[in-house]
Amino acid sequence: MNLIDGKKISDEIKVELQEKIKVLIDSGRKVPGLVTILVGDDPASQSYVGSKSKGCEQLGMHSKIERLDASISEDELLAVVGKYNADPDYHGILVQLPLPNHIDEDKVVEAIAPEKDVDGFHPISVGNLVIGKDTFFPCTPYGIVELLKRYKIETKGKHVVVVGRSNIVGKPIANMMLQKKEGANSIVTICHSAAEDISKYTMQADILIAAIGRANYITSDMVKEGVVVVDVGINRIDDPESGKGYKIVGDVDFDDVAPKSSYITPVPGGVGRMTIAMLLKNTYEAYLKIEQ
Ligand code: NAP
């Protein structure tokens, strides 16, 4: 069993970006900028945007958190997005989801200029991903592809089984692995809660990507010997022995499945570490497209 170290790879990506940004700074050029729009004061969302902003600053990128009151109207929020679409200092715009119930999330995401859509959620980005054109990939699936590439895990002709069909993980990673491209070109199956018995599918996986949101759901009797396991799940379970009273586990029962796998991502320290690194990479890529 080989551990896929998301911390190591995300640190590598950040160092690569930092070097590129240093070149820009040294030559007196504008640096990439990311604005994160936060509506309301949900503690988890506040923590996510804080980490994203800190990530930018560590690399020498320009970043701003636009904090808006939860009572903001949809039209006012759309106007804020419009303002940043036109602002040359910001190459990436990220609206932290979820938004309050009175705001139509789709409408807000669709208002982001596609060339600044660093979250990759705009329908134009999604469409381009599906048809294999150059686009922004959503950060978590992008991180998975990058982990597989950097660990030189063969994907061509391999059977990738994705469990979960969300718009932010399951569907995009399945579409990415399907593309006739290096680091993909896989045979892809997607399964979800309507499957009577998902082990019928997971047993066939050369590469299993679990994005379900159920703690320790995938067990060793559901996978074949030598499987590559990518665990996207982030689940909080009670743990009276930890100081916090809980711990974070994945969708895969790591201790049970790891001995049967050839490669496996841990939780924490696997896919989760990649998401911000890929957001920073997308922001740099947006900068290159806009400024060159
Ligand atoms: P989601 O929107 O809740 O989707 C879960 C998917 O899993 C759905 O498609 C659901 O099927 C399917 N599912 C649920 N129970 C199942 C079962 N028993 N058998 C088969 N399929 C089942 O979740 P998500 O946003 O994709 O996130 C999935 C997990 O990844 C969560 O733990 C989340 O916290 C984590 N996550 C991590 C990152 C990161 O590392 N940065 C980013 C995003 C998400 P239906 O469609 O039929 O309901």
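Analyst: Let me start with the second largest pocket, which lies between domain 1 (28-113) and domain 2 (139-272), because both give residues to its lining. Domain bounds come from an automatic or database domain assignment. This is a predicted model, in which local features need pLDDT of at least 70 and side-chain atom pairs count only at pLDDT 80 or more, while totals for chains, interfaces and linings use all residues. Residues are numbered from 1 along each chain as its sequence is written, and side-chain values use heavy atoms, with hydrogens and water left out.

User: What counts as a pocket or a cavity?

Analyst: On a 1 Å grid over the protein atoms alone, a cavity is a set of points where a 1.4 Å probe fits but cannot get out, whereas a pocket is an open set with protein on both sides within 12 Å along at least five of seven lines, and lining residues have an atom within 4 Å of a point.

User: Which residues lie nearest the centre of the second largest pocket?

Analyst: Of its 17 lining residues, those are Asp106, Phe121, Val126, Asn167 and Ile168.

User: And how much space lies in the largest pocket?

Analyst: About 1,700 Å³, where a volume is the space filled by probe spheres set on the points, which are joined across faces, edges and corners. Its lining has 48 residues, and Tyr48, Thr140, Ile234, Gly272 and Thr275 are the closest to its centre.

User: What lines the largest cavity?

Analyst: Val95, Leu97, Val109, Ile112, Asp117, Asp119 and Phe121 line that cavity, which holds about 30 Å³ of space.
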